[in-house]
Amino acid sequence: MVSIRKGKKEDLPRVLELIKELALYEKAPEQVTNTLQMMEEDGFGKNPIFGFIVAEKDGVIEGMSLYYYRYSTWKGKRLWLEDLIVTESQRGLGTGKRLFDRTIEIAKEEKCNGMVWQVLDWNEPAINFYKKYNAQFDPEWINCSIDF
């Protein structure tokens, strides 16, 4: 049985492993520059900037949902789902759905008026999963970033 719970500081080493597993799946493992120290400060320091929940089975974290809040000038308070990750051996067993559903509940509890996220255009399993929620896919926007 998989349980979903709020993430704790001591979960971060496993969470970082899952992030690296996702980066490998997305063919970009070299792009993970985050560290355990950064995650501890950013998630549990003086001014935490993200939250997360984990899916745990037999004492092992098999998945996680990491999120933060953003403000849309058009919509107001939104929850940004940064990553929804389920370890490969547990995919297709309902763990992702439970994590996603709980993330939606958190957004509602925190009085967000919606949730936003990204999905790679080639990730058909994820796209098909999100379609089950009647997610809206926006082909007009181009992602931009600047690294420092």
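Isoleucine 61 is buried in this predicted model, at 6% relative accessibility. The residue belongs to strand E3, which spans residues 60-72. Its contacts beyond four places in sequence are Arg5, Asp11, Arg14, Leu18, Val54, Ala55 and Glu56. Aspartate 11 lies 50 residues away along the chain, yet the C-alpha atoms of isoleucine 61 and aspartate 11 are separated by 8.0 Å.

Several of these partners carry charge pairings of their own. Arg5, Asp11 and Glu56 are linked in a network of salt bridges. Arginine 14 pairs with glutamate 17 in a salt bridge of 3.1 Å, N to O. Both residues sit in helix H1 (residues 12-25), 3 residues apart, or about one turn of the helix. Arginine 14 is partly exposed, at 21% relative accessible area. Glutamate 17 is partly exposed as well, at 45%.

The count for the model is 7 salt bridges. Helix H3 holds arginine 102 and glutamate 105, again 3 residues apart, about one turn of the helix. Their side chains meet in a salt bridge at 3.2 Å, N to O. Arginine 102 also bridges to glutamate 109, at 3.0 Å. Arginine 102 is partly exposed at 26% relative accessibility. The corresponding values are 42% for glutamate 105 and 47% for glutamate 109, and both residues count as partly exposed.

Arginine 78, in strand E4, presents another case. Arginine 78 is buried but has no salt bridge. Side chains of opposite charge can pair when their charged atoms come close. Here the nearest such side chain, aspartate 138, is 9.8 Å away, and a salt bridge requires a separation within 4 Å. The side chain of arginine 78 instead makes a polar contact with the side chain of asparagine 113, at 2.9 Å. Other residues touched by arginine 78 include Tyr68, Tyr69, Arg70 and Cys112.

Cysteine 112 is buried, at 11% relative accessibility. Cysteine 144 is exposed, at 72%. The disulfide count is 0.

The largest nonpolar core comprises 18 residues, of which Leu79, Leu84, Leu99, Phe100 and Tyr130 touch the most other members. Strands E2 (51-57) and E4 (76-86) and helices H3 (95-109) and H4 (124-131) each supply at least two residues of this core. Tyrosine 130 touches Leu84, Phe100, Trp117, Val119, Ala135 and Phe137, leaving aside residues up to four places away in sequence. Another core, of 14 residues, lies apart from the largest one. Its members include Val15, Leu18, Ile19 and Leu22. Leu18 is also one of the residues touched by isoleucine 61.

Technical notes. Residues numbered from 1 in each chain as written. Predicted model: local features only at pLDDT ≥ 70, side-chain atom pairs only at ≥ 80, totals over all residues. Heavy atoms only, no water. Core = buried A, V, L, I, M, F, W, Y, C linked by side-chain atoms within 4.5 Å. Buried < 20%, exposed > 50% of the residue type's maximum accessible area, 1.4 Å probe, protein only. Helix = DSSP H or I, 4+ residues; strand = E, 2+ residues; numbered from the N terminus. Contact = heavy atoms within 4.5 Å. Disulfide = S-S within 2.5 Å. Lys, Arg positive; Asp, Glu negative; His and termini not counted. Polar contact = N/O pair within 3.5 Å; in protein donor to acceptor, adjacent residues only side chain to side chain.
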